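Morning, everyone. I'd like to walk you through one chain today. Please look at the screen.

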Amino acid sequence: MIKVIGSILGVILVGAGVVFNAHETVAPVYGYEIGDSADEFSLKNIDGNMVSLSDYKEEKGVIVIFTCNSCPYAKWYENRVIQLHRDFESKGFPVLAIMPNDVTIKPEDSFSEMKKRAEEKSYGFPYVIDETQNIARAFGATKTPHVFLLNNENDQFTVSYIGAIDDNARNEAEVETKYVENAIGELLADKPVTKTSAVAIGCTIKWSK
């Protein structure tokens, strides 16, 4: 009977796409959804200081972007991320970039390489490392880049948009819809966000084993 029950459970779990293997990396099963409140976190910035979500309590919101050095998609979007910060920091929506990859898998994303990249590109925003990958899992991030636009509502950071930055990763000149910019514009106008999600296109996050 025990063997039968075990076999049935195994079929159910495999059918559901849930496979437990100590030697495989495991992506997040759960994460924030639209309307959820993001929990407080604190991560190390490239300057050695800790950056917390609560540091942004005076802002209207935060553009949280899970990104990295190594992914081609992250590189294609890099200048657009920098421009997002330049355009919206003064309006209350600064960028907070989080590097979630396991650096033993992607040495190009090490803390020292993060510092070099930020200096080379003159990032004007924090670039923090999620060494435990706990924050990426909490958010439900799966790609680099992956955006979570947070709106500060009564001292609670509420998820207002999740997904891609725009609709053309490879060619900025051919972008037709700027998802993040449009969402911020609606929030600044005290309007509901009409498009709250778009599939994040990028490299899969490299999870620790």
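**A hairpin, then the cores**

Start at the hairpin of β7 and β8. Two residues lie between its strands, and Asn154 there takes a positive phi near 55°. Keep in mind that this is a predicted model.

Now the strands themselves. β7 and β8, residues 156-163, pair in the antiparallel sense over seven bridges. Take one example: Asn151 has Thr158 in β8 as its bridge partner. β7 has another neighbour too. It pairs with β3, again in the antiparallel sense, over six bridges. There, Val62 stands opposite Leu150 in β7.

So how much of β7 is buried? Seven of its eight residues are, so the rest of the structure largely encloses β7.

Next, the largest nonpolar core. It has 35 residues. Ile63, Tyr127, Leu149 and Tyr161 have the most contacts inside it. Several elements give two or more residues to this core, including β3 (61-66), β7 (146-153) and α5 (179-188). Which element gives the most? That is α2, with six residues.

Look at Ile63. Leaving out residues up to four places away in sequence, Ile63 touches several others, among them Phe93, Val147, Leu149 and Ile184.

There is also a second, separate core. This one has 24 residues, including Val62, Ile98, Ile135 and Trp207.

Last, the whole chain. It holds five helices and 10 strands. Of its 209 residues, 45% count as buried. Among contacts with a separation of 6 or more, 76% join residues 24 or more positions apart.

Notes:
Residues are numbered from 1 along each chain as its sequence is written. This is a predicted model: local features need pLDDT of at least 70, side-chain atom pairs count only at pLDDT 80 or more; totals for chains, interfaces and linings use all residues. Side-chain values use heavy atoms; hydrogens and water are left out. Helices (H or I, at least four residues) and strands (E, at least two) are DSSP runs, numbered from the N terminus. Buried means under 20% relative accessible area, exposed over 50%, partly exposed in between (1.4 Å probe, protein chains only). Contact means heavy atoms within 4.5 Å. A nonpolar core is a set of buried Ala, Val, Leu, Ile, Met, Phe, Trp, Tyr and Cys residues joined through side-chain atoms within 4.5 Å. Two strands pair if DSSP finds at least two bridges between them.
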